[in-house]
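Thanks for passing this one along. Here are my notes, point by point, on the pocket and the aromatic rings.

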Amino acid sequence: MNEMLDQAVLEPLREFYLSIPGFLHRIFGAMLGLLIGYILGLVLRQIVHYVLWAAGLNMAAERAGISAFLRRGRVDRQPSELIGSLLFWVVMFSSFMIALDYLGLTVAVPLLLNFFRYVPQGLVALFIVVVGLLLGGFTARLGEGGVAAA
């Protein structure tokens, strides 16, 4: 009876107790990876924002009508800030995937990769919308000039 109790209850508890340090090691490693990804994302976001601001992206977006379009959509950020934030979330998503892999959750990684396969299509759609906005703004100015001349 004692041997049966030991085999049925105590042995699984011993194995669980012995596996705790390895699991804690993986959790702390994943948390460290997320923290490093967060800090790297913040730094890259600021660098990209500053570089694009210095390159004059915000002024070009204002002249092209993109900033006005963003304000109509109640987006209070400048285009350089938006691109920096996009980069931040790409870095965070990547660090999240690395943390999941480090934890040994290999089933979740392909699911997230399937999601990432649609990102290029979304970027192409965004590019098409921006080109449409530019052409729309150009056509509007052309029409206003024609009406003013008449």
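1. First, a term: on a 1 Å grid over the protein atoms alone, a pocket is an open set of points with protein on both sides within 12 Å along at least five of seven lines, and lining residues have an atom within 4 Å of a point. Volume here is the space filled by probe spheres set on the points.

2. A caution: this is a predicted model, where local features need pLDDT of at least 70 and side-chain atom pairs count only at pLDDT 80 or more, while totals for chains, interfaces and linings use all residues. Numbering runs from 1 along each chain as its sequence is written, and side-chain values use heavy atoms, with hydrogens and water left out.

3. The largest pocket comes out at about 390 Å³. It is lined by 14 residues, and those closest to its centre are Ile66, Leu82, Ile83, Leu126 and Val130.

4. On to the rings (Phe, Tyr and the six-membered ring of Trp pair if their centres lie within 6.5 Å; planes over 60 degrees apart count as edge-to-face). Tyr38 and Phe88 have ring centres 5.8 Å apart and planes at 75°, so they pair edge-to-face. Phe88 also pairs edge-to-face with Trp89, at 5.0 Å and 75°.

5. How exposed are they? Phe88 is buried (under 20% relative accessible area), at 6%. Trp89 is exposed (over 50%), with 56%. Tyr38, at 38%, is partly exposed, meaning in between.

Note on methods
1 Å grid on protein atoms, 1.4 Å probe; cavity = no way out; pocket = protein on both sides within 12 Å on 5 of 7 lines; lining within 4 Å. Phe/Tyr/Trp six-rings, centres within 6.5 Å; stacked < 30°, edge-to-face > 60°. Buried < 20%, exposed > 50% of the residue type's maximum accessible area, 1.4 Å probe, protein only.
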